[in-house]
Amino acid sequence: MSRSIVRQSKFRHVFGQAVKTDQTYDDIRVSKVTWDSSFCAVNPKFLAVIVESSGGGAFLVLLLSKVGRVDKNYPLVIGHSGPVLDIDWCPHNDNILASCSEDTTAMVWQIPDHTPSRPISEPIVVLEGHSKRVGIIKWHPTARNILLTAGSDNLIIIWNVGTGEPLITMDDHPDLIYNVSWNYNGSLFCTTCKDRRLRVCDPRKNEVVAERLSPHEGIRPMRAIFTKEGNIFTTGFTRMSQRELGLWDPTNFEEPIALLELDTSNGVLLPFYDPDTNIMYLSGKGDSSVRYFEITEEPPYVHYISTFSSKEPQRGMGFMPKRGVDVSKCEIARLYKLHERKCEPIMMTVPRKSDLFQDDLYPDTPGPEPALEPEEWMDRRDADPILVSMRDGYVPPKSRELKVAKKNVLDTRPATRRSMSAPVLDLLFCFFPSFLLLFILLLLSLCLSLLFPLSNCHLLLCLLEKLVEEIQNLKATVLSQEKRICDLENKLSKYTNGTV
């Protein structure tokens, strides 16, 4: 009897499909900054996209349900004085987002469940420790409030967001850091660097525990990401500028587990990994396709599955955590493709005839509860993520406030030019129409006094006083209504946070 040569896998037939036009997010001015970031972050509640803005850096945060055209006056998250380079949602609180920027700072934001009526400009924590732009920001996968930043000063700083203070600073990289990836339980992270080395770092020992020179021989930027089993998946370029991917055992960097050439495109391949299915999705900036591979323990170890192709090139990509997929449609992953002016969700599904829950497609997945406190992690304790079942789908919890022991670092530093001038500008814009109208009325009364007898001037002055009084009353009404709106917003925010 002949032996079957077809590989047995439940993920042999994974199909990608873009959503319908009315389910996309349109009229988004995606950032044009030259940085190899994904420019997009998504979780079961929100979609965040780095956008073009004048006078500093900004990003847009939308509820996932808010599809369609985005109003040009939709409130942004502002606060950075330079372009935003990277954003990342907290895995343990769907309302907490971290951002980093060319202004050398990282900021942590509390995003309300309701659509804000004005731009969000006050972060809950500002993290200052880098001397040059900060291009990478990553939350720890299992420990509460632990955040990693990497900057163009070649430093990696690990912060306790709850206190706003740095816990660990590593200066082992002699050149620009391309990317950072935590392993499954957050005990190690790997980095790629412009010096063409792949490093594995133990942050609590503050040392590099393994490194490999030139996992890819080309000089173009590399990317590396830990798999659930502890291997490292890399993307890079050959000496002939062909794109290449590799799989490595960090305990034995001499030879790769697998090495595979792809094509000759120029864009850096950004890897997105699903630890539940061991599928790696590769998205290249400027490409119009997404390739995906299954990583197994049998040769050739990295198995090509298929390619999702479309007509438009992608400017960036977001990857939904498994908690946010639709189990009723056998959806195993969802990517958010950034076009020049819109964001398009792409659903990855495994066709099944039955409508029942597919246990084999949905093992328990990391949930929102942290496994460790910051002090436990610093004491060298390790723990895998706390898993939740996907059987009944995942319902995001209500907004939870980030507990910050040291109140906003903004309170302890000198006011910036932006924060000092903002109230003055507000007052100018508020009273300018009144001043203008008053000036016009004075000018008009002067002209009339020249044209008409003196007896009519008294009447004109009375009318002028009446108009000024009406303007003052209107101004008082506007200010009182603004105060009322602020009070209502604060009450609504306390109400939504009060259930935690």
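Modeller: Before we start, two strands pair if DSSP finds at least two bridges between them, and strands (E, at least two residues) are DSSP runs numbered from the N terminus.

Biologist: Fine. What's the order in the open sheet of four strands?

Modeller: The order is E12-E13-E14-E15, with antiparallel pairing. Strand E12 (134-139) and strand E15 (165-170) stand at the edges with a single partner strand each, so one side of each has no neighbour in the sheet.

Biologist: How many bridges link E13 and E14?

Modeller: Five, between E13 (residues 146-151) and E14 (residues 156-160). Thr149, for instance, has Ile157 in E14 as its bridge partner.

Biologist: What kind of model is this, by the way?

Modeller: A predicted model: local features need pLDDT of at least 70, side-chain atom pairs count only at pLDDT 80 or more, and totals for chains, interfaces and linings use all residues. Residues are numbered from 1 along each chain as its sequence is written, and side-chain values use heavy atoms, leaving out hydrogens and water.

Biologist: Switching to the largest nonpolar core, how many residues does it have?

Modeller: It has 42. A core here is a set of buried Ala, Val, Leu, Ile, Met, Phe, Trp, Tyr and Cys residues joined through side-chain atoms within 4.5 Å, buried being under 20% relative accessible area (1.4 Å probe, protein chains only). Those with the most contacts inside it are Ile28, Leu47, Phe59, Val61, Ile111 and Tyr336.

Biologist: Which strand gives the most to this core?

Modeller: E4, with six residues.

Biologist: And what is Ile111 in contact with?

Modeller: Beyond its neighbours within four places in sequence, Ile111 is in contact (heavy atoms within 4.5 Å) with residues including Phe46, Val61, Trp89 and Ile120.

Technical notes
Buried means under 20% relative accessible area, exposed over 50%, partly exposed in between (1.4 Å probe, protein chains only).
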